[in-house]
Amino acid sequence: MQPIDFVESWYYGTFYYIFFLLLSWGSVLYYIGSGEQKLLRSNGGNAIQGVALLLTIIIIFYLGLRPNSAVFVDSNSYRYGFIRLYEEYVPIDLKAEWFWHNFNHFLKEIGLNMYEFTFVIALFYFGGMFITALLLMRRNLWMAMLFFFTAFSTYSYCVNGVRNGFACSVELVAVALLAIDRKKLPVALVLMFLALGIHRSTMLPSAALVVSAFLIKDPKVAIRFWLLSIGISLIAGSYVEQFFSSLGFDDRMSKYSEAGQNEDSMSEFAHSGFRWDFLFYSIWPVIMTWYLTMYRKFKDRTFNIIANTYIFCNAFWIMVIRASFSNRFAYLSWFLYPLVIAYPLLRMNLWKAQDRKTAIIFFCYSGFIFFMFFIYYFGTMSGFRGFNLYWWKQ
């Protein structure tokens, strides 16, 4: 396979975001005028499922076969690392990402080029989302996939945090299986083990998932822990960050933590400090969980497991929020963000005229990433080249 280069790399992100802006808000217009319960009563016909699958395949080809460019940051490193790959079989070792290295070696042995390599990664990345949506929201597969495609981190973790995104998509399927039925624990454990072999940081969502499914099932406890984590972070965040770094949870944490404390290296890392903007974004699934489980008293075991897993993972990130590149750790909860929001809207009978309310929520949900794109990325490497001076950036 050859790269898709009919879209210049500078415009790749712009094309993606504008495409989904039109697609998403077209769907909003369809449902916002409805005073009925079309979403809840949908029978999930083969036609709409086929369209959702076709859209997923198109995006897999579009992003999987992206050209080489500095725009895609980590992609080039992974591609050139794949080309130079010479490792033999890597034995199973919980301290090493054995599955990632062996998977790379397998793809190299069967003769894939570097574009086909990232295509396969994108296949697993978006395939995990599609399988999760199919397991949990089959009757509204189109809307479910739009929630995934317009999530804040979806594009970024396909082209930048490649391995993290791959691992979390495998983890996502494990969450869906265990949330549906505890008897699926053996399969879920296998997937969690493979995710751990791709990116060690997934031990956090794996642990949170097991705790949510078997130990702490009440969302009230999770929400209180989340609120407590904010206080801990504000009062003793630096000590907590050093503690987690010393545990060897992920060697990247130690590197980012040290970078945040070294002024000379700060130019090479993302912003550090308590990220109130990230916290504001992260709070909405927590509010959704509070509204459904504590205010409205809904009891849905599947939702509780999904929501608790998100909340526990996000609480951990809050406690290390000052680390440079803390968005890498935020993704360990953010990959569940669309699931926490979409599942109750598409599966649970919450309100009269739920179609309209779902459309309004989805408008705000998807509108956020378009707002972030145009405010922060429009005019950078991820947006239109040359348009880098705007009055709102002055």
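This is a predicted model: local features need pLDDT of at least 70, side-chain atom pairs count only at pLDDT 80 or more; totals for chains, interfaces and linings use all residues.
Residues are numbered from 1 along each chain as its sequence is written, and side-chain values use heavy atoms, with hydrogens and water left out.

Lys297 is not a glycine, yet it has that positive phi of about 65°. You'll find Lys297 in the loop between H14 and helix H15 (301-319). It counts as exposed because its relative accessibility is 60%. For the wording used here, buried means under 20% relative accessible area, exposed means over 50%, and partly exposed is in between (1.4 Å probe, protein chains only).

**The chain as a whole**

The protein chain comes to 18 helices and 0 strands. Both are DSSP runs numbered from the N terminus: helices are H or I with at least four residues, strands are E with at least two. The chain has 394 residues, and 56% of them are buried. Take the contacts between residues at least 6 apart in sequence: 80% of these join residues at least 24 apart. Contact here means heavy atoms within 4.5 Å.

**The nonpolar core**

The largest nonpolar core has 124 residues. Such a core is a set of buried Ala, Val, Leu, Ile, Met, Phe, Trp, Tyr and Cys residues joined through side-chain atoms within 4.5 Å. Tyr16, Leu63, Phe126, Met143 and Trp334 touch the most other members of the largest one. Helix H6 (residues 114-137) gives the most to this core, with 14 residues.

Leaving aside neighbours within four places in sequence, Tyr16 is in contact with Ile59, Tyr62, Leu63, Phe149, Thr154 and Tyr155.

**A kinked helix and a covered one**

Back to H14 (residues 276-295), which has a kink of about 30° at Ile283, shortly before the proline Pro285. The bend at a residue is the angle between axes fitted to the seven residues ending there and the seven starting there. Pro285 is itself buried, and so are other H14 residues, including Phe278, Tyr281, Met288 and Leu292.

Helix H17 (residues 337-347) is mostly covered, with 10 of its 11 residues buried. Among the buried ones are Tyr337, Pro338, Tyr343 and Pro344. In the loop between H17 and helix H18 (354-377) sits Ala353. Ala353 counts as buried because its relative accessibility is 14%.

**Two helices side by side**

Packed helices are described by the angle between their axes and the distance between the axes. The axes of helix H9 (residues 162-180) and helix H11 (residues 203-214) come within 11 Å and cross at roughly 5°, so H9 is roughly parallel to H11. Axes are lines fitted to C-alpha atoms, for helices over the stretch in contact, and angles run from 0 to 180 degrees between N-to-C directions. Angles under 35 degrees count as roughly parallel, over 145 as roughly antiparallel, 65 to 115 as roughly perpendicular and the rest as oblique.

On the H9 side, Glu171, Ala174, Val175 and Leu178 make the contact, and H11 brings Pro205, Ser206, Leu209, Ala213 and Phe214. These residues divide into 7 nonpolar, 1 polar and 1 charged. Ala, Val, Leu, Ile, Met, Phe, Trp, Tyr, Cys and Pro count as nonpolar, Asp, Glu, Lys and Arg as charged, and the others, Gly among them, as polar.

**Links across the sequence**

Val90 lies in the loop between helix H4 (74-83) and helix H5 (98-109), and it is buried at 17% relative accessible area. Not counting residues up to four places away in sequence, Val90 touches Trp98, His101 and Asn102. His101 is found in helix H5 and is partly exposed, at 29%.

Thr302 belongs to helix H15 and is buried, at 12% relative accessibility. Setting aside residues up to four places away in sequence, Thr302 touches Leu136, Ala179, Ile180 and Tyr343. From Thr302 to Tyr343 the C-alpha separation is 9.2 Å.
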